[in-house]
Amino acid sequence: MIALVRYQFTVLLLSQRYLAPLLLFLGLVAVLTSSDTGPLTATYAAVAGAMLPCSVWLMTALVGLEERTHRSVVATSAGGHGRVLLATVATATAGCLLLTAAGLALPLMFGTRTPGLADLAVGTTAQLACAFTGTAIGLLCSPLVFRRQGYALTGALVLLLAALLGKGVSPVNILLTRLQNTPDSANALVPVSVPLAAAAGLLVAATAVTQVIAGRRA
């Protein structure tokens, strides 16, 4: 599995398809937080919101790196399509972890605030929840599920809007609302942990659904 993740990271880096979601994330974080002087919970809520579309883009770019024939060859060498899919999800998650580190640091570089451990924990939790949700959306709207790009793009936009606007249903909406309404990071840490667990469950479910659909087409 480690060799598969390393292989996919190498292919992603050589393709340079990571640049678009990376630059989008850095640009959104700079615009949303450069003049922010409010509590860090609200700042990291904005950063987490930026993570959502970028993780979708990163996941779809990662899946689209290889054509169907080449992916089948890799799956045969690796021991099955399931292992390749898990490695793809792990690679996207690792990429989101790198973005999370940047998302924690950049708002502090733009301002003069000194974060506590609770602030960093909340920022990490919020970004990971949005990253898991975005990765799940990107997986469900990838070429493994939709063969036509138009359908995939439409599905991704619909699911993104549902994740952002689904009050009381979407883990992302619940998390961002709680962060906006809770200025103290220590008080926000436990409430945002529940959406993180829900987002992780969504990613597991999306991986299973994608494997079933992709397996039938293999």
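Helices are DSSP runs of at least four residues, numbered from the N terminus, and the legends below use these numbers for a model that is predicted.

View 1. L19 has its place in helix α2, which covers residues 19-33. Together with L23 and L26, L19 makes a nonpolar surface patch of about 240 Å². L19 counts as partly exposed because its relative accessibility is 33%, a value that lies in between the limits of under 20% for buried and over 50% for exposed.

**View 2. Cysteines and the question of disulfides.** A disulfide is a covalent bond between the sulfur atoms of two cysteines. How many disulfides does the count come to? With a cut-off of 2.5 Å between the sulfur atoms of a pair, the count comes to zero. C54 is in no disulfide, and the cysteine sulfur nearest to it, that of C96, is 8.9 Å away. For C130 the closest cysteine sulfur is also in C96, but at 10 Å it is too far for a bond. C54 counts as buried because its relative accessibility is 0%, and C130 is likewise buried, with a relative accessible area of 0%.

View 3. T125 is found in helix α6, which covers residues 117-140. Is T125 buried or exposed? At 11% relative accessibility, T125 counts as buried, because the limit for that word is under 20%. The side chain of T125 reaches the backbone oxygen of A121 at 2.8 Å. Leaving aside residues up to four places away in sequence, T125 touches L175, L189, V192, S193 and L196.

Definitions and conventions:
Residues numbered from 1 in each chain as written. Predicted model: local features only at pLDDT ≥ 70, side-chain atom pairs only at ≥ 80, totals over all residues. Heavy atoms only, no water. Patch = residues over 30% accessible without salt bridge, like charges linked within 9 Å, V, L, I, M, F, W, Y side chains within 5 Å. Areas by Shrake-Rupley, 256 points an atom, 1.4 Å probe, with all protein chains shown as cover. Salt bridge = Lys/Arg side-chain N within 4 Å of Asp/Glu carboxyl O. Helix = DSSP H or I, 4+ residues; strand = E, 2+ residues; numbered from the N terminus. Buried < 20%, exposed > 50% of the residue type's maximum accessible area, 1.4 Å probe, protein only. Polar contact = N/O pair within 3.5 Å; in protein donor to acceptor, adjacent residues only side chain to side chain. Contact = heavy atoms within 4.5 Å.
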